[in-house]
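Work through the exercises below with the model open. Try each task before reading its solution.

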Amino acid sequence: MPSTQHSVLKQFVTAATGPLARRRPRLPAMRLALEMSTLFQFMPWGVHLEDADVEGITSEWIRPEAADARRVLLYLHGGGYVMGSLNTHRALIGSLAKRCGLTALAIDYRKAPEYPFPAALQDALTAYRWLLREGYRAQDIVVAGDSAGGGLALALAIALRDAGDPCPAAVVGLSPWTDLVLPHSALQHLAHEEAQLLEALEIRGWGPLYAGDTPLTHPLISPVHASLHDLPPLLIQLSDAEVLCADGLSFVQKAQAAGVDATLQVFPGLVHWWHLFWRVVPEASEALNQVAGFVQEIWAAQSRSEKAVSRPRRRSVLAA
């Protein structure tokens with residue numbers, strides 16, 4: 001059963017739905033409102049910011065004081081490919097980076113409709129390859145993202161595999177958007193309040209804005225339609241009450257059938273983007289802790305593998 005704190009959050013969501021449905025805010029207004037909502041966000045204690053220029057992409061380093069200097073988290077923020085920024089996700093990324101013990105690189109990738117597909121994916125590829133040139137090994141990079149950023153993280157892994165580039169150690173999708181088609185049946189299975197909110201925001205139009213002239217079923221736009229073999233370990237977190245749940249479940253099942261080490265964690269009854277409320281919603285804090293546990297297990301598995309490879313074989317001694 002969801003926590004009291006989440007119930008209060010859901011009441012705020014419900015209260016906002018009516019005015020949104022009546023006004024039908026346009027994208028610039030929604031972008032501004034999202035940015036304004038971040039004014040009172042604060043970074044976790046002991047986490048520091050540093051501007052970064054990644055091949056012309058506005059970016060920033062998010063550095064917990066005790067971070068492992070050898071490894072890095074590349075984070076791709078959510079926002080339906082049409083909004084969101086470094087500002088909107090800075091605190092979430094800082095909290096996740098601190099729990100994982102990693103420095104994070106966050107990039108402000110280009111958004112639709114001004115920059116449709118493949119602009120966002122190209123920026124993600126640029127950032128990943130830049131990290132390699134900066135001296136990070138692929139096996140020391142974790143890629144993560146939420147919502148559209150989660151789908152973009154998965155598309156990045158697919159694009160790297162297809163290009164013959166080394167894949168990251170793991171990919172984490174927090175409620176990833178894996179199918180931009182977003183069929184009407186998805187909304188019908190939602191909690192009534194969230195269905196109303198998404199209809200009010202006209203989320204069904206965001207996918208076409210990002211896809212532009214490319215079909216929504218293109219595998220690098222909707223990763224659920226891709227061939228999913230030979231991908232790195234995946235962690236997918238979903239709420240069973242959010243619009244992206246069914247497609248996320250299909251993605252995990254398809255990945256597992258292709259032989260991918262895909263871990264699924266499902267949280268009951270939570271609204272989409274619950275991770276952003278990690279300060280007040282205990283389920284969000286627990287979800288981020290589980291991501292940290294997954295990442296630590298990735299490093300532990302690497303260590304076991306490296307020890308097994310380096311361990312000298314015993315030579316048998318035969319009697320003369």
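This is a predicted model: local features need pLDDT of at least 70, side-chain atom pairs count only at pLDDT 80 or more; totals for chains, interfaces and linings use all residues.

**Exercise 1.** Find which strands are joined to strand 3 by bridges, and how they run.

*Solution.* 
- Start with strand 3, residues 68-76.
- From strand 3 the chain passes through helix 3, residues 86-100, to reach strand 4. This β-α-β crossover is right-handed.
- Now take strand 5, residues 141-146: 5 bridges join strand 3 to strand 5, again in a parallel run.
- Here Leu 76 has Gly 145 as its bridge partner.

**Exercise 2.** Locate Phe 42 and decide: is Phe 42 buried or exposed?

*Solution.* 
- Phe 42 sits in the loop between helix 2 (27-36) and strand 1 (47-54).
- Its relative accessible area is 54%. Exposed means over 50%, so Phe 42 is exposed.
- Phe 42 also belongs to a nonpolar surface patch of about 620 Å².

**Exercise 3.** Compare the reach of helix 4 with the expected value, then list buried residues.

*Solution.* 
- Helix 4 covers residues 119-133, which is 15 residues.
- From first C-alpha to last, helix 4 reaches 21 Å, close to the 21 Å expected at 1.5 Å a residue.
- Buried residues in helix 4 include Leu 121, Ala 124, Leu 125, Tyr 128 and Leu 131.
- An α-helix has 3.6 residues a turn, so residues three or four places apart point the same way.
- Just after helix 4, Gly 135 has a positive phi of about 110°.

Terms used
Residues are numbered from 1 along each chain as its sequence is written. Side-chain values use heavy atoms; hydrogens and water are left out. Two strands pair if DSSP finds at least two bridges between them. Helices (H or I, at least four residues) and strands (E, at least two) are DSSP runs, numbered from the N terminus. A crossover is right-handed if, with the strands pointing away from the viewer, the path from the first strand over the helix to the second runs clockwise. Patches are made of residues with over 30% relative accessible area and no salt bridge: like charges are joined within 9 Å, nonpolar side chains (Val, Leu, Ile, Met, Phe, Trp, Tyr) within 5 Å. Accessible areas come from the Shrake-Rupley method with a 1.4 Å probe; for residues, only the protein chains shown count as cover. A salt bridge is a side-chain nitrogen of Lys or Arg within 4 Å of a carboxyl oxygen of Asp or Glu. Buried means under 20% relative accessible area, exposed over 50%, partly exposed in between (1.4 Å probe, protein chains only). The expected span of a helix is 1.5 Å times one less than its number of residues.
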